[in-house]
Amino acid sequence: GFGNISRGHLTMAVGKIMAGWPSWVLLTKFEGVVAYAQLVLGKRCQDIQQFGAHGPDVDGLRAAIKGVTTNSTAGLRGILSAKGHWMMNFVSVFGEKPGWRWLLPLRPGGSGDPLRPSVYDESACEAWAAVDEAIAPHLEAIVQKEKERNEAKQQEQVLRSEQVNKWLAAAEAKLSGGSS
C-alpha cells in the first residue's frame, strides 16, 4: 500500500542524493544529455554501416558515455557528490546535518550558492565534459553526411528531370513528325 510506495520513493530519493543528484530536474537534464549522445552514437554507427562513412571513431564516444553511467540507483554519475563523504551530500540538500527538522515539510534547505556548489565530484565533472568533447566531432560528421545526402538527392532529381524532358521532347517530335 501507501507505506511501500513511500518507502520506494524515499529509497530512490536517498539513492539519488547519495549518487550526487540533489534534484530530479538536474538528473533529468543529464539523462537527456546521455540520450542525445546515444542518439548521435546510433546515427554515426548507422552511417558507418550503411555508407562506410568516414569521420571520428565512435569508440571515443562510446567510452565517454560509459564514463558517466553507473550501476547505482541513479544510473548516472552525479556531479554534486561529496566523494567519500556521503553525509555531505545530504547536508548540501537539507542545509544541516541529519535531525528532526528534516521531517518538517516546506522547510527551506540547501546551503550556499546553488550556482556555485561547494560539494562536487571533479572526476564526474571531467567525465561529463568528455561526453561533450566526444559528441562535437560526430555532430560535424553527421551534418557533413546529411549535406552529402541532400546534394546527391538534388543531383538525382536533376538527372530525372533531364531524362523526363528528353522523353517529352522525343514524344513531341514523334507526335509532330507523325501528324504532318
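Which residues lie nearest the centre of the largest pocket? The legends below start there, and the model they describe is a predicted one.

**View 1. The largest pocket and its lining.** Pro-22, Leu-80, Ser-92, Ser-111 and Pro-114 are the residues that lie nearest the centre here. They belong to a lining of 13 residues, and the space inside comes to about 270 Å³. Sort that lining by class and you get 6 nonpolar, 6 polar and 1 charged residues.

**View 2. The second largest pocket, with Leu-10, Ala-13, Val-14, Ile-17 and Phe-94 nearest its centre.** This pocket has a volume of about 220 Å³ and a lining of 14 residues. Helix 1 (2–18), helix 2 (24–51) and helix 4 (86–94) are the elements that each give two or more residues to that lining. Helix 1 supplies the largest share, with 5 residues.

**View 3. Helix 1 from end to end.** How far apart are the end C-alpha atoms of helix 1? They sit 24 Å apart, and that agrees with expectation, because 17 residues at 1.5 Å a residue should span 24 Å. After the helix comes Gly-20, which has a positive phi, near 100°.

**View 4. The buried residues of helix 1.** Look for Ala-13, Gly-15, Lys-16 and Ile-17, the buried residues of this helix. Helix 2 and helix 4 are among the parts that cover them.

Technical notes. Residues are numbered from 1 along each chain as its sequence is written. This is a predicted model: local features need pLDDT of at least 70, side-chain atom pairs count only at pLDDT 80 or more; totals for chains, interfaces and linings use all residues. Side-chain values use heavy atoms; hydrogens and water are left out. On a 1 Å grid over the protein atoms alone, a cavity is a set of points where a 1.4 Å probe fits but cannot get out, and a pocket is an open set with protein on both sides within 12 Å along at least five of seven lines; lining residues have an atom within 4 Å of a point. Grid points are joined across faces, edges and corners, and a volume is the space filled by probe spheres set on the points. Ala, Val, Leu, Ile, Met, Phe, Trp, Tyr, Cys and Pro count as nonpolar, Asp, Glu, Lys and Arg as charged, and the others, Gly among them, as polar. Helices (H or I, at least four residues) and strands (E, at least two) are DSSP runs, numbered from the N terminus. The expected span of a helix is 1.5 Å times one less than its number of residues. Buried means under 20% relative accessible area, exposed over 50%, partly exposed in between (1.4 Å probe, protein chains only). Contact means heavy atoms within 4.5 Å.
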